[in-house]
Amino acid sequence: MKMGVERSTLLTGYLLLSTLSSTAWGQSMTLGPLEGSGTIDQNTCSTYSVNVTGAVNTAGVTWKACDADSLSSDDQLVSGTIPIDSLSMRTLEFQLCCDNDLKLRGAEQTSDEDIAEVYVRVTKAGQNYETDPFRQIRCVAAQAPPEPNPSPPGGVGDPHIKKWNGQQYDYHGECDLVLTKNPTFRKILGLHVHIRTQIVNDWSYIESVGIKIGWDILEIGARGVYYLNGVRHADLSNGIAGFKVTHTKPNMHKKMMKHIFEVDLRGGEKLMIKSFKNKNLLHVTIEGAKEESFGDSMGLIGNFKEGKMLARDGKTIVVDPNEFGQEWQVRDTEPMIFREARFPQYPQKCVLPSPVSAEESRNLRRRLGESISLEDAQEACADWGDDIEDCVFDVMATGDLELAEAGSY
């Protein structure tokens with residue numbers, strides 16, 4: 001290999017630049033520095049250019065971008081001709097690419113090795129002029145695509161609680177619960193998101209969502225009923241604590257059967273609450289959350305960085321969902337976000353569904369789901385992605401196909 005350059009899995013190229021003598025060109029001519037990126041990503045191309053100063057007054061002047069490591073006598077990657085003209089400056093422009101094997105590729109040839117020394121050669125009347133000094137161009141292996149972001153954390157369905165890390169669990173206790181809270185949100189405002197759950201048979205659902213930012217409180221209930229600072233259906237034009245609130249109502253023509261409340265926390269962060277026209281249950285998610293805003297968050301959806309089910313002490317990991325739900329029941333030391341207190345309130349514990357035998361549970365679900373086939377449930381739940389089994393279970397358990405839309409992430 002020329003110039004004693006050590007080989008590696010990275011593709012390295014060099015462009016040599018020089019001042020060409022006036023005897024070669026018939027008058028003074030120079031090559032400027034190579035312009036373009038110092039790296040080429042795998043399976044992409046990059047454009048390079050060199051400014052040539054001085055008129056070309058002789059025919060047959062050619063240039064090549066060559067691979068010094070090529071084992072063949074014809075080592076040019078790409079080439080061209082400089083036409084005769086009287087311009088005082090022109091630009092030689094060409095593309096070099098990095099292929100899937102991390103080898104340099106031009107329009108005419110591909111390098112033999114995973115490292116190539118590339119130089120530009122100008123030829124006039126059989127005499128070659130090679131550029132100097134070297135310029136390094138590196139071919140960079142493509143990074144693995146990032147893991148897809150999990151669906152946003154929150155609570156949906158009967159309810160399924162999805163943590164910050166995308167993992168999910170169910171909690172069927174009936175009480176007021178801290179979905180998440182961050183006292184350092186926007187430094188001094190603080191953010192609290194509470195949910196109020198209601199038991200039906202051997203499962204439960206989110207009946208109301210309460211959001212407190214700063215001194216403002218937005219409470220959203222079933223079928224689109226909401227209160228801003230205790231006022232039913234108050235004007236939302238000023239938002240909550242200065243954050244824009246958008247209320248999109250159901251539209252029969254567009255087959256949109258839900259009220260959607262979006263709290264824009266800015267920077268792509270938002271709270272999404274869906275209240276369904278013909279259902280009492282609600283759906284709440286946090287989208288686009290960043291560590292700056294939610295890094296200190298804790299609650300039913302875990303801690304922000306890892307989604308761990310941490311107790312209120314921030315250290316103890318709680319494994320059992322029922323214990324974890326009880327841990328995050330709203331305490332009497334926390335703000336009362338909902339307008340009216342409803343049993344149970346701390347220190348009274350959350351109420352769990354009455355225990356039923358496996359046989360009783362199967363019979364109940366069978367009776368409720370008799371009118372719905374498994375195929376119909378699967379079709380209704382098609383948009384649930386990885387959580388489709390949870391959706392099918394909910395639909396079959398309740399005998400309600402519309403629950404698929406109500407609970408979908």
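**Salt bridges, a pocket and aromatic pairs**

In this predicted model, a salt bridge joins the side chains of Glu207 and Arg342, with an N to O distance of 3.3 Å. The pair connects distant parts of the chain, 135 residues apart: Glu207 belongs to strand β18 (residues 203-213), and Arg342 to the loop between α3 (321-327) and α4 (358-368). Helices (H or I, at least four residues) and strands (E, at least two) are DSSP runs numbered from the N terminus. A salt bridge is counted where a side-chain nitrogen of Lys or Arg lies within 4 Å of a carboxyl oxygen of Asp or Glu. Glu207 is partly exposed, at a relative accessible area of 22%, whereas Arg342 is buried at 18%. Buried denotes under 20% relative accessible area, exposed over 50%, and partly exposed the range in between (1.4 Å probe, protein chains only).

Residues are numbered from 1 along each chain as its sequence is written. Local features require pLDDT of at least 70 and side-chain atom pairs pLDDT 80 or more, while totals for chains, interfaces and linings use all residues; side-chain values rest on heavy atoms, with hydrogens and water left out.

The whole structure contains eight salt bridges. One of them joins Glu219 and Arg339 at 3.5 Å, N to O. Here too distant parts of the chain are linked, with Glu219 in strand β19 (residues 216-220) and Arg339 in the loop between α3 and α4, 120 residues apart. Glu219 is buried, with 8% relative accessibility, and Arg339 is partly exposed, with 40%. A further salt bridge is formed by Glu334 and Arg312 (2.9 Å, N to O). Glu334 is in the loop between α3 and α4 and Arg312 in the loop between α2 (291-294) and α3, so this pair ties together parts 22 residues apart in sequence. Glu334 is buried at 11% relative accessible area, and Arg312 is partly exposed at 23%. Both residues also belong to a network of salt bridges with Lys181.

Arg339 is also positioned over the face of Tyr227, 3.6 Å from the ring centre. This arrangement is assigned when NZ of Lys or CZ of Arg is within 6 Å of the ring centre and within 35 degrees of the ring normal.

The lining of the second largest pocket comprises 15 residues, and those nearest the pocket centre are Arg196, Ser208, Glu219, Gly221 and Arg339. A pocket is an open set of points on a 1 Å grid over the protein atoms alone, where a 1.4 Å probe fits, with protein on both sides within 12 Å along at least five of seven lines; lining residues have an atom within 4 Å of a point. Strands β18, β19 and β20 (226-228) each contribute at least two lining residues.

Seven aromatic pairs are present. Rings of Phe, Tyr and Trp (its six-membered ring) are paired if their centres lie within 6.5 Å, and planes under 30 degrees apart count as stacked, over 60 as edge-to-face and the rest as tilted. Tyr169 and Phe324 are edge-to-face, with ring centres 6.0 Å apart and planes at 70 degrees. Tyr169 lies in strand β15 (residues 168-170) and Phe324 in helix α3, 155 residues apart, and both are buried. Tyr226 and Phe261 also pair edge-to-face, with centres 5.5 Å apart and planes at 70 degrees. Tyr226 is in strand β20 and Phe261 in strand β23 (residues 258-266), 35 residues apart. Tyr226 is buried at 8% relative accessibility, and Phe261 is buried at 0%.
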